[in-house]
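Hi,

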Amino acid sequence: VMDAHSLSTTLWAYGRARTAPSSSCLRALLNRFDRVAQNVTAQALSNILWALARLAVCPAAHPTRADSNENSSESVDFSSEESHDLEKDEEKERKEHEQHG
C-alpha cells in the first residue's frame, strides 16, 4: 500500500523525468492521494504539487473517485502549447540565474 511519502516520491520521479504517467495511472495516484491527504507532510505535498506543475497536469482534468459525483464540465486541462510555454519560461529562468550567479 502506497503511503503519502511513497506517493510523493513517485510523482516527483515522473516530474523529474518529465514523463507523465498514463491517464489511468495518474487517476490511481490521485485516488491514493485522496486517501492519504490527511497524513501528507509539507515536503510531500510540495513534491506532489511541483510534479503536477512540472508535468502541466491539472487534477481537475483527471477526476478521482471523490470527484465522481461532481460535474466535470468545469475541468481545466493544459494544452501542449501551454506546456511548451512553461518549458520556455523555465529555460529563460535558468539562463537568467546562470548570468546572475
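The backbone oxygen of His5 sits 2.9 Å from a polar atom of the Ser8 side chain. Ser8 belongs to helix H1, and helices here are DSSP runs of H or I with at least four residues, strands being E runs of at least two, numbered from the N terminus. Ser8 is buried, at a relative accessible area of 0%. For that label, buried is under 20% relative accessible area, exposed is over 50%, and partly exposed is in between (1.4 Å probe, protein chains only). Skipping neighbours within four places in sequence, Ser8 is in contact with Ala44, Asn47 and Ile48, where contact means heavy atoms within 4.5 Å.

Before you go further: this is a predicted model, so local features need pLDDT of at least 70 and side-chain atom pairs count only at pLDDT 80 or more, while totals for chains, interfaces and linings use all residues. Residues are numbered from 1 along each chain as its sequence is written, and side-chain values use heavy atoms, with hydrogens and water left out.

Now the overall picture. The protein chain has four helices and zero strands, and 23% of its 101 residues count as buried. Among contacts with a separation of 6 or more, 68% come from residues 24 or more positions apart.

On to H1 and H2. Their axes come within 10 Å and cross at roughly 150 degrees; the axes are lines fitted to C-alpha atoms, for helices over the stretch in contact, with angles from 0 to 180 degrees between N-to-C directions. On the H1 side, Ala4, Leu7, Thr10, Leu11 and Tyr14 meet a set in H2 that includes Cys25, Leu26 and Phe33.

Which loop residues have a positive phi? Arg18, for one, has phi near 55 degrees without being a glycine. Arg18 is in the loop between H1 and H2 and is partly exposed at 34% relative accessibility. Ala56, also not a glycine, has a positive phi of about 55 degrees; Ala56 lies in the loop between H3 and H4 (80-99) and is buried at 15%. For context, most residues other than glycine have a negative phi.

Ala20 is in the loop between H1 and H2 too, partly exposed at 47%. Not counting residues up to four places away, Ala20 touches Tyr14 and Leu55.

Last, the cysteines. How many disulfides are there? The structure holds zero, a disulfide being a pair of cysteine sulfur atoms within 2.5 Å. Cys25 is partly exposed at 27%, whereas Cys58 is buried at 15%.

Cheers

Note on methods. Polar contact = N/O pair within 3.5 Å; in protein donor to acceptor, adjacent residues only side chain to side chain.
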